[in-house]
Amino acid sequence: MRLLSLRALLGALIALALLVTPAGARVAPPDLPPPPAADGAQIAAAFAKLSRDTSWQLVQKVPLRFDAYHPEGIVRLGDHYVLSAVQVTEPTQKYQPPGTIIDGTDRTPGKGIAHLIAFDAQGNKLADERVDDGGTIYHPGGLDYDGRDLWLAVAEYRPNKPSIIYRVDPISLVPEEVLRSPDHIGGIVHDTRRHRVLGLNWGSRTEYEWKLTGHGAVVKAAITNPSHFVDYQDCKYLGRPRGFEDPAMLCSGIATLHHPGPDGQPVNYDLGGVAEVDVTTMRPIDEVPFQEYTDQRQVATRNALDVQVVDGRLRLYLVADDNQSNLLVYEAH
(Lines give C-alpha, C1' and ligand atoms only; values in the text may rest on other atoms or scores of the structure.)
Protein backbone atom coordinates (compact mmCIF):
# COMPACT_ATOMS: atom_id res chain seq x y z
CA MET A 1 0.00 0.00 0.00
CA ARG A 2 2.76 2.42 0.89
CA LEU A 3 4.46 1.75 -2.49
CA LEU A 4 1.22 2.41 -4.34
CA SER A 5 0.65 5.60 -2.38
CA LEU A 6 4.19 6.83 -3.12
CA ARG A 7 3.72 6.14 -6.80
CA ALA A 8 0.42 7.97 -6.79
CA LEU A 9 1.99 10.92 -4.98
CA LEU A 10 4.87 11.10 -7.47
CA GLY A 11 2.44 10.90 -10.35
CA ALA A 12 0.38 13.75 -8.92
CA LEU A 13 3.47 15.91 -8.41
CA ILE A 14 4.63 15.32 -12.00
CA ALA A 15 1.19 16.15 -13.34
CA LEU A 16 1.12 19.35 -11.27
CA ALA A 17 4.55 20.34 -12.56
CA LEU A 18 3.38 19.88 -16.14
CA LEU A 19 0.36 22.06 -15.45
CA VAL A 20 2.27 24.97 -13.92
CA THR A 21 5.32 24.89 -16.23
CA PRO A 22 4.82 26.75 -19.53
CA ALA A 23 5.27 24.67 -22.66
CA GLY A 24 8.85 24.79 -23.88
CA ALA A 25 10.09 26.53 -20.71
CA ARG A 26 13.72 25.99 -19.78
CA VAL A 27 15.56 26.71 -16.56
CA ALA A 28 18.50 29.11 -17.00
CA PRO A 29 21.94 27.75 -16.09
CA PRO A 30 23.03 29.26 -12.75
CA ASP A 31 26.11 30.91 -14.28
CA LEU A 32 24.23 33.07 -16.80
CA PRO A 33 24.50 36.81 -16.03
CA PRO A 34 21.42 38.99 -15.48
CA PRO A 35 19.92 40.79 -18.50
CA PRO A 36 19.96 44.58 -19.10
CA ALA A 37 16.43 44.72 -17.67
CA ALA A 38 17.85 43.84 -14.25
CA ASP A 39 19.53 47.27 -14.29
CA GLY A 40 16.74 49.00 -16.22
CA ALA A 41 16.20 51.67 -13.57
CA GLN A 42 19.92 52.60 -13.51
CA ILE A 43 20.14 52.60 -17.31
CA ALA A 44 17.06 54.84 -17.58
CA ALA A 45 18.42 57.23 -14.94
CA ALA A 46 21.81 57.44 -16.66
CA PHE A 47 20.20 57.91 -20.07
CA ALA A 48 18.06 60.77 -18.75
CA LYS A 49 21.28 62.71 -18.05
CA LEU A 50 22.40 62.62 -21.69
CA SER A 51 22.15 65.53 -24.08
CA ARG A 52 23.49 66.67 -27.43
CA ASP A 53 26.51 68.01 -25.53
CA THR A 54 27.37 64.72 -23.80
CA SER A 55 31.03 63.78 -24.22
CA TRP A 56 31.50 60.14 -25.25
CA GLN A 57 34.86 58.68 -24.28
CA LEU A 58 36.20 55.54 -25.95
CA VAL A 59 37.23 53.47 -22.92
CA GLN A 60 37.99 50.24 -24.78
CA LYS A 61 38.61 49.11 -28.36
CA VAL A 62 38.83 45.38 -28.93
CA PRO A 63 39.91 44.19 -32.40
CA LEU A 64 37.75 41.24 -33.45
CA ARG A 65 40.09 38.44 -34.54
CA PHE A 66 37.60 37.01 -37.02
CA ASP A 67 35.53 38.13 -39.99
CA ALA A 68 32.52 40.03 -38.58
CA TYR A 69 30.88 40.04 -42.04
CA HIS A 70 28.10 42.64 -41.76
CA PRO A 71 27.28 42.90 -38.01
CA GLU A 72 23.70 43.34 -36.86
CA GLY A 73 23.21 42.78 -33.12
CA ILE A 74 25.26 42.08 -30.00
CA VAL A 75 24.65 40.74 -26.50
CA ARG A 76 27.15 40.95 -23.64
CA LEU A 77 27.13 37.83 -21.44
CA GLY A 78 29.51 38.68 -18.64
CA ASP A 79 33.02 38.20 -20.01
CA HIS A 80 32.00 37.11 -23.50
CA TYR A 81 29.72 38.28 -26.30
CA VAL A 82 27.41 37.00 -29.02
CA LEU A 83 27.25 38.81 -32.36
CA SER A 84 24.70 38.32 -35.14
CA ALA A 85 26.05 38.93 -38.63
CA VAL A 86 25.15 38.35 -42.27
CA GLN A 87 27.62 36.99 -44.81
CA VAL A 88 26.36 38.06 -48.24
CA THR A 89 27.40 35.66 -51.01
CA GLU A 90 25.19 37.18 -53.72
CA PRO A 91 24.03 40.80 -53.23
CA THR A 92 20.41 41.74 -53.80
CA GLN A 93 19.69 43.76 -56.96
CA LYS A 94 17.07 46.50 -57.31
CA TYR A 95 14.46 45.75 -59.94
CA GLN A 96 14.62 47.93 -63.03
CA PRO A 97 13.52 50.49 -63.91
CA PRO A 98 13.85 52.18 -60.48
CA GLY A 99 10.64 52.01 -58.49
CA THR A 100 9.60 48.64 -59.90
CA ILE A 101 7.79 46.48 -57.33
CA ILE A 102 7.47 42.72 -57.86
CA ASP A 103 5.57 40.55 -55.39
CA GLY A 104 5.50 43.38 -52.85
CA THR A 105 9.21 44.20 -52.80
CA ASP A 106 11.76 46.20 -54.78
CA ARG A 107 14.70 43.83 -55.12
CA THR A 108 15.89 40.27 -55.74
CA PRO A 109 16.41 37.94 -52.75
CA GLY A 110 20.17 37.53 -53.09
CA LYS A 111 22.00 34.81 -51.19
CA GLY A 112 23.86 34.60 -47.91
CA ILE A 113 24.60 32.96 -44.58
CA ALA A 114 23.35 34.05 -41.15
CA HIS A 115 25.88 33.75 -38.32
CA LEU A 116 25.73 33.82 -34.54
CA ILE A 117 29.32 34.28 -33.37
CA ALA A 118 30.45 33.99 -29.75
CA PHE A 119 33.72 35.72 -28.82
CA ASP A 120 35.67 36.47 -25.67
CA ALA A 121 36.79 39.77 -24.14
CA GLN A 122 40.02 39.67 -26.18
CA GLY A 123 38.12 39.35 -29.47
CA ASN A 124 38.85 35.64 -30.03
CA LYS A 125 36.11 33.61 -31.71
CA LEU A 126 34.65 30.91 -29.48
CA ALA A 127 31.85 29.53 -31.65
CA ASP A 128 30.02 30.20 -34.91
CA GLU A 129 26.49 28.87 -35.42
CA ARG A 130 24.70 29.10 -38.75
CA VAL A 131 21.06 30.26 -38.31
CA ASP A 132 19.73 30.83 -41.85
CA ASP A 133 17.14 28.53 -43.48
CA GLY A 134 19.44 27.47 -46.30
CA GLY A 135 17.36 29.50 -48.75
CA THR A 136 16.31 33.15 -48.94
CA ILE A 137 15.96 33.78 -45.18
CA TYR A 138 19.55 34.61 -44.21
CA HIS A 139 19.58 38.16 -42.75
CA PRO A 140 19.79 38.16 -38.92
CA GLY A 141 18.67 41.28 -37.10
CA GLY A 142 19.34 42.65 -33.64
CA LEU A 143 19.70 40.54 -30.49
CA ASP A 144 18.01 40.69 -27.11
CA TYR A 145 18.74 38.72 -23.93
CA ASP A 146 16.19 38.05 -21.19
CA GLY A 147 18.40 36.30 -18.64
CA ARG A 148 17.61 32.85 -20.01
CA ASP A 149 17.46 33.04 -23.81
CA LEU A 150 18.68 35.15 -26.70
CA TRP A 151 16.01 36.43 -29.11
CA LEU A 152 16.75 36.83 -32.81
CA ALA A 153 14.85 37.38 -36.05
CA VAL A 154 16.28 36.09 -39.34
CA ALA A 155 14.66 37.54 -42.46
CA GLU A 156 14.96 37.87 -46.18
CA TYR A 157 17.33 40.74 -47.03
CA ARG A 158 14.58 42.93 -48.50
CA PRO A 159 11.49 44.75 -47.27
CA ASN A 160 8.01 43.18 -46.99
CA LYS A 161 9.34 39.63 -47.00
CA PRO A 162 9.20 36.82 -44.38
CA SER A 163 11.12 36.28 -41.15
CA ILE A 164 11.65 33.53 -38.60
CA ILE A 165 11.83 34.54 -34.92
CA TYR A 166 14.06 32.31 -32.80
CA ARG A 167 14.67 31.70 -29.13
CA VAL A 168 18.38 30.83 -28.87
CA ASP A 169 20.25 28.97 -26.14
CA PRO A 170 23.01 31.44 -25.09
CA ILE A 171 25.45 28.62 -24.27
CA SER A 172 25.12 26.34 -27.32
CA LEU A 173 23.75 29.02 -29.70
CA VAL A 174 21.24 26.43 -30.93
CA PRO A 175 18.08 28.21 -32.20
CA GLU A 176 14.49 27.14 -31.58
CA GLU A 177 11.82 28.54 -33.90
CA VAL A 178 9.09 30.42 -32.01
CA LEU A 179 7.06 32.03 -34.79
CA ARG A 180 7.08 33.27 -38.38
CA SER A 181 6.22 36.72 -39.72
CA PRO A 182 5.23 37.65 -43.29
CA ASP A 183 7.17 40.90 -42.87
CA HIS A 184 10.91 41.58 -42.54
CA ILE A 185 11.81 41.78 -38.82
CA GLY A 186 15.10 43.31 -37.68
CA GLY A 187 15.22 44.72 -34.14
CA ILE A 188 13.58 42.47 -31.54
CA VAL A 189 13.04 42.38 -27.77
CA HIS A 190 11.35 40.01 -25.34
CA ASP A 191 8.93 41.92 -23.11
CA THR A 192 9.06 39.61 -20.08
CA ARG A 193 6.58 41.68 -18.07
CA ARG A 194 3.77 41.07 -20.56
CA HIS A 195 5.03 37.79 -22.08
CA ARG A 196 5.30 39.35 -25.52
CA VAL A 197 7.83 39.47 -28.33
CA LEU A 198 8.22 42.83 -30.08
CA GLY A 199 9.70 43.01 -33.57
CA LEU A 200 10.60 46.03 -35.71
CA ASN A 201 10.24 45.80 -39.47
CA TRP A 202 12.43 47.22 -42.27
CA GLY A 203 13.47 50.72 -41.23
CA SER A 204 11.68 50.18 -37.87
CA ARG A 205 8.59 51.89 -39.25
CA THR A 206 6.22 49.34 -37.66
CA GLU A 207 6.43 47.38 -34.41
CA TYR A 208 4.67 44.03 -34.27
CA GLU A 209 3.60 42.65 -30.92
CA TRP A 210 3.14 38.90 -30.43
CA LYS A 211 1.61 37.39 -27.32
CA LEU A 212 3.44 34.18 -26.38
CA THR A 213 1.19 31.21 -25.66
CA GLY A 214 1.77 27.55 -24.91
CA HIS A 215 1.16 26.78 -28.58
CA GLY A 216 3.16 29.53 -30.28
CA ALA A 217 2.36 33.22 -30.58
CA VAL A 218 -0.57 35.44 -31.55
CA VAL A 219 -0.28 38.89 -33.16
CA LYS A 220 -1.79 41.41 -30.73
CA ALA A 221 -0.86 44.76 -32.31
CA ALA A 222 0.96 46.54 -35.13
CA ILE A 223 2.14 49.96 -33.96
CA THR A 224 3.34 52.74 -36.26
CA ASN A 225 6.62 54.31 -35.20
CA PRO A 226 5.91 58.04 -34.66
CA SER A 227 9.60 58.99 -34.58
CA HIS A 228 11.62 59.73 -37.72
CA PHE A 229 14.84 60.55 -35.87
CA VAL A 230 16.74 57.35 -36.77
CA ASP A 231 15.86 53.84 -37.92
CA TYR A 232 16.40 51.45 -35.01
CA GLN A 233 18.75 48.53 -35.65
CA ASP A 234 19.45 46.82 -32.32
CA CYS A 235 17.39 47.13 -29.13
CA LYS A 236 17.64 45.96 -25.52
CA TYR A 237 14.65 45.45 -23.22
CA LEU A 238 14.82 47.48 -19.97
CA GLY A 239 11.71 46.30 -18.13
CA ARG A 240 9.56 49.06 -16.62
CA PRO A 241 11.81 51.48 -14.73
CA ARG A 242 10.26 53.32 -11.78
CA GLY A 243 8.11 56.22 -12.92
CA PHE A 244 7.59 54.80 -16.41
CA GLU A 245 4.03 54.06 -17.48
CA ASP A 246 5.05 51.16 -19.74
CA PRO A 247 8.10 48.94 -20.27
CA ALA A 248 10.92 50.48 -22.29
CA MET A 249 13.71 49.45 -24.62
CA LEU A 250 16.99 51.11 -25.56
CA CYS A 251 17.60 51.22 -29.32
CA SER A 252 20.39 52.51 -31.55
CA GLY A 253 20.54 53.16 -35.26
CA ILE A 254 21.08 55.65 -38.06
CA ALA A 255 19.19 57.80 -40.55
CA THR A 256 20.79 58.00 -43.99
CA LEU A 257 19.99 61.51 -45.18
CA HIS A 258 20.13 63.01 -48.68
CA HIS A 259 19.41 66.64 -49.55
CA PRO A 260 20.72 69.44 -51.78
CA GLY A 261 23.48 71.56 -50.26
CA PRO A 262 23.68 75.37 -50.46
CA ASP A 263 25.41 75.09 -53.86
CA GLY A 264 22.76 72.72 -55.16
CA GLN A 265 25.05 69.69 -54.99
CA PRO A 266 23.74 66.61 -53.15
CA VAL A 267 24.76 66.12 -49.52
CA ASN A 268 24.72 62.57 -48.13
CA TYR A 269 25.47 61.59 -44.57
CA ASP A 270 24.46 59.22 -41.77
CA LEU A 271 23.01 60.59 -38.54
CA GLY A 272 23.61 58.28 -35.58
CA GLY A 273 21.36 58.14 -32.55
CA VAL A 274 20.28 56.28 -29.43
CA ALA A 275 16.74 56.32 -28.08
CA GLU A 276 14.84 55.07 -25.06
CA VAL A 277 11.47 53.93 -26.43
CA ASP A 278 8.11 53.03 -24.89
CA VAL A 279 7.48 49.49 -26.15
CA THR A 280 3.69 49.91 -26.04
CA THR A 281 3.36 53.13 -28.04
CA MET A 282 6.76 53.27 -29.82
CA ARG A 283 7.05 56.88 -28.62
CA PRO A 284 10.60 57.93 -27.68
CA ILE A 285 10.99 58.76 -24.00
CA ASP A 286 14.46 60.26 -24.52
CA GLU A 287 16.72 60.35 -27.58
CA VAL A 288 20.15 61.78 -28.34
CA PRO A 289 22.37 61.98 -31.43
CA PHE A 290 25.60 59.99 -31.45
CA GLN A 291 28.50 61.57 -33.31
CA GLU A 292 31.37 59.10 -32.88
CA TYR A 293 32.86 57.31 -35.88
CA THR A 294 34.71 54.05 -36.51
CA ASP A 295 37.98 53.27 -38.28
CA GLN A 296 35.97 52.73 -41.48
CA ARG A 297 34.36 56.17 -41.02
CA GLN A 298 30.98 54.67 -40.13
CA VAL A 299 28.69 56.10 -37.48
CA ALA A 300 29.34 53.90 -34.45
CA THR A 301 25.63 53.24 -33.81
CA ARG A 302 25.14 51.88 -37.33
CA ASN A 303 24.67 48.29 -36.23
CA ALA A 304 25.09 46.38 -32.97
CA LEU A 305 24.43 47.76 -29.44
CA ASP A 306 24.48 46.60 -25.84
CA VAL A 307 24.32 48.73 -22.70
CA GLN A 308 25.54 48.77 -19.12
CA VAL A 309 25.92 51.23 -16.24
CA VAL A 310 29.35 51.32 -14.57
CA ASP A 311 29.88 53.61 -11.56
CA GLY A 312 26.78 55.57 -12.51
CA ARG A 313 27.94 56.18 -16.10
CA LEU A 314 26.24 54.78 -19.17
CA ARG A 315 28.33 52.44 -21.31
CA LEU A 316 27.53 51.45 -24.87
CA TYR A 317 29.03 48.37 -26.52
CA LEU A 318 29.04 48.86 -30.30
CA VAL A 319 30.13 46.90 -33.38
CA ALA A 320 29.60 48.83 -36.61
CA ASP A 321 32.25 48.04 -39.23
CA ASP A 322 32.06 45.21 -41.74
CA ASN A 323 34.62 42.38 -41.92
CA GLN A 324 37.68 43.63 -39.99
CA SER A 325 35.83 45.24 -37.11
CA ASN A 326 36.22 46.29 -33.49
CA LEU A 327 34.15 46.12 -30.34
CA LEU A 328 33.95 49.78 -29.27
CA VAL A 329 33.07 50.62 -25.67
CA TYR A 330 31.98 54.22 -25.11
CA GLU A 331 31.24 55.85 -21.76
CA ALA A 332 29.12 58.99 -21.32
CA HIS A 333 30.76 61.92 -19.49
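Hi everyone, thanks for coming. Please keep in mind throughout that we are looking at a predicted model.

In soluble globular proteins, nonpolar side chains tend to be buried together. Here, the largest nonpolar core has 19 residues, and the members that touch the most others are W56, F290, L314 and L316. Where do those core residues come from? At least two residues each are supplied by helix α2 (40–48) and by the strands β17 (284–290), β18 (304–310), β19 (313–319) and β20 (326–332).

Setting aside neighbours within four places in sequence, W56 is in contact with L50, F290, E292, L314, L316, Y330, E331 and A332. There is also a second, separate core of 18 residues, and L77, L143, Y145 and I164 are among its members.

How much of β6 is buried? Seven of its seven residues are. β6 runs antiparallel to strand β7 (residues 150–155), with five bridges joining the two. Across that pairing, L143 stands opposite L152 in β7. The two strands make a hairpin with four residues between them, and in the turn G147 has a positive phi of about 100°.

Strand β4 (residues 111–120) is mostly covered, with nine of its ten residues buried. β4 has partners in both β3 and β5. Strand β3 (residues 80–90) runs antiparallel to β4, and ten bridges join them; V88 in this pairing stands opposite G112 of β4. With strand β5 (residues 125–130), β4 pairs over five bridges, also in the antiparallel sense. There, L116 stands opposite E129 in β5. Four residues lie between β4 and β5 in their hairpin, where G123 takes a positive phi near 85°.

Now for the largest pocket. Its volume is about 690 Å³. Which residues lie nearest its centre? Out of 27 lining residues, they are H70, H139, Y157, W202 and Q233. β14 gives the most, with three residues.

While we're on β14, have a look at K236, which lies in that strand. Is this lysine buried or exposed? K236 counts as buried because its relative accessibility is 1%, and the cut-off for buried is under 20%. Beyond its neighbours within four places in sequence, K236 is in contact with P36, I74, V75, L143, D144, V189, A248, M249, L250, L305, D306 and V307. As for D120, K236 is 116 residues away in sequence and 20 Å away in space, C-alpha to C-alpha.

Side chains of opposite charge can pair when their charged atoms come close. How many salt bridges does the structure hold? There are 19.

Let me walk you through a few of them. R107 forms a salt bridge with D106, and their closest N and O atoms are 2.7 Å apart. Both R107 and D106 are buried.

Next is D132 with R130, where the closest N and O atoms are 2.8 Å apart. D132 counts as buried because its relative accessibility is 13%, whereas R130, at 48%, counts as partly exposed.

Then we have R180 and E177, whose side chains meet in a salt bridge at 2.9 Å, N to O. With 51% relative accessibility, R180 counts as exposed, because the cut-off is over 50%. E177 counts as partly exposed at 39%.

Finally, some of these charges form a group: R148, D149, R167 and E176 are linked in a network of salt bridges.

Notes:
Residues numbered from 1 in each chain as written. Predicted model: local features only at pLDDT ≥ 70, side-chain atom pairs only at ≥ 80, totals over all residues. Heavy atoms only, no water. Core = buried A, V, L, I, M, F, W, Y, C linked by side-chain atoms within 4.5 Å. Buried < 20%, exposed > 50% of the residue type's maximum accessible area, 1.4 Å probe, protein only. Contact = heavy atoms within 4.5 Å. Salt bridge = Lys/Arg side-chain N within 4 Å of Asp/Glu carboxyl O. Pairing = 2+ DSSP bridges. 1 Å grid on protein atoms, 1.4 Å probe; cavity = no way out; pocket = protein on both sides within 12 Å on 5 of 7 lines; lining within 4 Å. Points joined across faces, edges and corners; volume = space filled by probe spheres on them.
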